[in-house]
Amino acid sequence: MARINMVQAINLALGQEMERDKDVVLIGEDVGKDGGVFRITEGLVEKFPDRIFDTPLAESGIVGTAIGMAAYGLKPVAEIQFMGFIYACVEQLLSHASRIRSRSRGRYSCPMVVRTPYGIGIKPPELHSESTEALFCHMPGIKVVVPSSPYNAKGLLVSAIRDPDPVVFLEPTRLYRLIKEEVPEAEYAIPLGKANVVQEGTDVTVLAWGSMLHRVLESIEGFDAEVIDLMCLSPYDEETILNSVKKTGRVVIVHEATRRCGFGAELSAFIAEEAMLHLKSPVVRVAGLDAVIPMARLEDYYAPSKERIIKALNKVMEY
Amino acid sequence: MPENIIEKFEIKHLQILDEKGNADTAILPNLSDNDLKKLFELLILSRQFDQRALQLHAEGRLGTYASILGQEASQIGSAYALEKTDWVFPSFREMGVYITLGYPIWMLFQYWTGDERGMKTPDDLNIFPVSVPVGTHTPHAVGAAFAAKIKGHKTAALSYFGDGGSSKGDFHEGLNIAGVHKLPVVFICQNNQWAISLPREKQTASKTIAQKAYSYGFEGIQVDGNDIFAVYKATKDALEKAKAGGGPTLIECFTYRMSDHTTADDASRYRPKEDVETWKDKDPLLRLKLYMQKKGIWTQSYEDDVKKKATEFVDSEIKKEEAAGLPDSKDIINYTYKDLTQRQKKEIKEIA
Ligand SMILES: Cc1ncc(C[n+]2csc(CCOP(=O)(O)OP(=O)(O)O)c2C)c(N)n1
Ligand SMILES: [Mg+2]
């Protein structure tokens with residue numbers, strides 16, 4: 001076991017899965033010699049020169065090609081350089097990848113992974129800080145996974161690659177090099193659709209994923225909070241959420257994305273439908289502002305701050 | 001039935017000014033000595049801006065920045081051919097275009113610090129904000145040209161993008177619409193041979209980018225992108241043609257990205273140093289200088305003076321940017337719609 005960061009953990013998972021299954025191929029912009037702009041694929045083209053392909057600058061083409069590869073029998077892992085450039089692939093994902101199994105009544109499927117860095121935190125140019133995970137959660141047939149640590153990044157990516165259906169794998173840019181932890185060399189998989197109770201507690205359930213999980217953990221001092229890392233947003237772990245909400249009776253949902261129609265809206269509605277009578281307080285969302293994600297200078301005003309999270313926790317505790 | 005050839009195309013490469021500063025007088029565009037000096041001064045100014053931007057980035061005062069080094073002739077030569085009323089749709093590596101058109105330099109610095117205010121184009125210019133999603137803005141130029149045509153204005157639109165941008169679907173959709181409707185639009189591809197780590201020959205199997213125009217029924221031409229005269233002439237001709245109802249043109253400026261892709265990139269990972277060396281001889285500034293020297297309108301003291309003024313001017317613009325201070329956090333919300341939504345009215349109080 002070695003202490004590694006998320007970039008290294010994802011690199012390890014890709015390399016091991018390519019070793020294990022010769023049908024796993026990588027495509028994307030600059031994923032070859034350059035090793036990807038975040039160096040996620042560093043060193044892999046030297047090991048697997050015939051299975052890693054730099055593509056022209058064409059995101060819709062990348063995902064569309066991956067769909068064809070997957071239907072034919074490969075296991076493509078496509079990299080979209082930043083989430084801000086994935087929107088060109090919405091048609092391929094929503095009109096094709098998500099429904100090929102259904103439309104062909106199981107004759108064809110699309111076992112591919114689309115990986116992309118996402119979220120704020122590195123103060124890059126415009127459109128490099130997107131967190132529109134809810135868009136993809138709104139596509140039946142697509143799974144959406146968000147790791148929050150090197151350890152779970154490796155295990156979740158392994159599951160995503162082995163999954164029989166298309167998976168959008170969102171890597172929080174801010175966490176790429178922020179945390180190092182022990183990650184086993186040995187193969188392990190973390191199932192998709194299961195949440196992780198990071199910390200048990202009795203007074204309030206806090207739901208988060210990706211980089212916001214860490215901001216939550218920095219904010220809960222003094223609260224008896226149960227913190228749940230969803231890890232997989234679609235499908236999400238209804239059972240774990242309900243068990244916790246029934247125990248605590250209070251819920252705070254924290255995400256970086258804009259509040260309106262963010263994934264917190266789905267969670268909040270689900271909790272209202274299934275556990276309303278267990279609630280002691282209204283469900284509170286702490287989310288990005290109802291605005292376009294600002295550039296670097298104003299970025300800190302946009303996403304949930306520690307102060308805003310604490311305010312929300314105090315608010316639900318008033319009940 | 002025999003097979004007949006039903007369509008043929010040929011791609012021209014235009015060079016007027018060679019590396020030694022010799023010009024082909026037969027096709028030399030009509031530029032006065034004053035114009036030549038202006039072009040020279042713009043080349044120096046843009047380069048000074050670029051160098052300072054890189055320095056400021058190194059000092060942590062600017063965010064990720066994309067250098068224009070080596071591409072100045074493609075940018076300044078083409079922008080110099082524009083009229084104030086024309087519309088321009090740039091990508092992110094066109095600071096030389098902005099500077100040529102008179103965009104306030106301090107605002108360009110402001111943008112690259114990560115401040116939206118820097119992209120609030122002054123009212124007397126028609127330049128769209130930088131397009132970060134590569135190639136996706138090409139149809140916007142097509143639309144603006146369409147609008148100009150519908151309104152009966154004698155205005156053209158011009159779109160800038162790179163060799164990488166020519167691979168995007170939006171590029172092809174835009175060009176196709178422009179061809180079908182014969183719109184007054186000029187597409188300028190700065191083929192700088194690289195899209196981050198991807199060399200030009202892996203971007204497209206076509207021999208040139210210029211030839212893609214023929215698939216959409218209009219003319220494409222490749223020009224020496226480090227030859228400011230060739231770029232200027234091709235753009236001027238294309239704009240005149242566009243305004244006369246002759247439809248679109250694609251101009252491929254054959255140039256070279258002398259720097260890393262951006263300040264976040266390390267080109268030594270994928271690009272041989274020798275390649276860069278060979279392009280140093282083709283420097284666009286050197287070429288114009290040699291030409292002007294032969295013409296007797298360049299002296300060392302003139303160049304020293306131009307450089308000194310450029311340095312001072314850029315420094316004063318940096319000061320201006322600093323004096324502008326921090327943006328107002330409420331502006332994150334203020335410009336989402338024309339009017340605030342009910343929720344935004346609450347949020348704006350919370351962040352104030
Ligand atoms: C749609 C899209 N995909 C990916 C990126 C990331 N990216 C930024 S610049 C670039 C290469 C662009 O190459 P080119 O069009 O040749 O322009 P150049 O950088 O050479 O000026 C890439 C891949 C982006 N900004 N937009
Ligand atoms: Mg390029």
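A:Arg297 is partly exposed, because its relative accessible area of 27% falls between the limits of 20% and 50%. This residue belongs to a predicted model, and its partner is found on the other chain. The side chains of A:Arg297 and B:Glu321 form a salt bridge, with N and O 3.5 Å apart. That pair crosses between chains: A:Arg297 sits in the loop between β14 (284-288) and α11 (299-302) of chain A, while B:Glu321 is part of helix α12 (residues 300-324) of chain B. B:Glu321 has a relative accessibility of 7% and therefore counts as buried.

### The interface between the chains

How many residues of chain A are in contact with chain B? There are 35 of them, and they meet 38 residues of chain B. The size of an interface is often expressed as the accessible area lost when the parts come together. Here chain A and chain B bury about 3200 Å² between them, with 57% of this area on carbon and sulfur atoms.

Charged and polar pairs are also found across this boundary. Chain A and chain B share 7 salt bridges, and 13 residue pairs are in polar contact across the interface. On the side of chain A that touches chain B, 18 residues are nonpolar, 5 are polar and 12 are charged.

### Salt bridges

Over all chains, the structure holds 43 salt bridges. One of the pairs runs from B:Lys168, in the loop between β3 and α6 of chain B, to A:Glu59, in helix α3 (residues 59-72) of chain A, so this pair joins two chains. The closest N and O atoms of B:Lys168 and A:Glu59 are 2.8 Å apart. Are these two residues buried or exposed? Both B:Lys168 and A:Glu59 are buried.

Another salt bridge lies within chain B, where the side chains of B:Asp86 and B:Lys243 meet at 3.0 Å, N to O. B:Asp86 is in the loop between α2 (72-80) and β2 (87-89), and B:Lys243 is in helix α9 (residues 228-243), so the pair ties together parts of chain B that are 157 residues apart in sequence. B:Asp86 and B:Lys243 are both buried. In chain A, salt bridges with shared partners link A:Glu17, A:Arg20, A:Arg162 and A:Glu187 into one network.

The table lists the pairs described with their distances.

| Salt bridge | N to O distance |
|---|---|
| B:Lys168 and A:Glu59 | 2.8 Å |
| B:Asp86 and B:Lys243 | 3.0 Å |
| A:Arg297 and B:Glu321 | 3.5 Å |

### The magnesium site

Which residues coordinate the magnesium ion (ligand 2)? The donors are B:Asp163 (OD), B:Asn192 (OD1) and B:Trp194 (O), at 2.0 to 2.1 Å. Along the chain, the donors of the magnesium ion follow the spacing D-x28-N-x1-W. B:Asp163 is in the loop between β3 (157-162) and α6 (169-180) of chain B, and B:Asn192 is in the loop between β4 (185-191) and β5 (194-195), so this pair ties together parts that are 29 residues apart in sequence.

B:Asp163 counts as buried because its relative accessibility is 1%, and B:Asn192 is buried at a relative accessible area of 4%.

B:Ser159 lies in strand β3 of chain B. With a relative accessible area of 0%, B:Ser159 is buried. Leaving aside residues up to four places away in sequence, B:Ser159 touches B:Phe89, B:His137, B:Thr138, B:Ala141, B:Val186, B:Phe187 and B:Ile188.

### Backbone details in chain A

Most residues other than glycine have a negative phi, and most peptide bonds are trans.

The peptide bond from A:Ser234 to A:Pro235 is cis, and its omega is near -5°. A:Pro235 lies in the loop between β12 (232-234) and α9 (238-248) of chain A.

A:Lys123 is not a glycine, but its phi is positive, at about 50°. It is found in the loop between β5 (113-118) and α6 (133-137) of chain A. The relative accessibility of A:Lys123 is 36%, so this residue counts as partly exposed.

A:Cys261 also has a positive phi, near 60°. Its position is in the loop between β13 (251-258) and α10 (263-275) of chain A. Is A:Cys261 buried or exposed? A:Cys261 is exposed, because its relative accessible area of 66% is over 50%.

Notes. Residues numbered from 1 in each chain as written. Chains lettered and ligands numbered in written order. Predicted model: local features only at pLDDT ≥ 70, side-chain atom pairs only at ≥ 80, totals over all residues. Heavy atoms only, no water. Donors = N, O, S within 2.8 Å, 3.2 Å for Na, K, Ca; no water. Helix = DSSP H or I, 4+ residues; strand = E, 2+ residues; numbered from the N terminus. Buried < 20%, exposed > 50% of the residue type's maximum accessible area, 1.4 Å probe, protein only. Contact = heavy atoms within 4.5 Å. Buried area = accessible area lost by both parts, 1.4 Å probe. Salt bridge = Lys/Arg side-chain N within 4 Å of Asp/Glu carboxyl O. Polar contact = N/O pair within 3.5 Å; in protein donor to acceptor, adjacent residues only side chain to side chain. Nonpolar A, V, L, I, M, F, W, Y, C, P; charged D, E, K, R; others polar.
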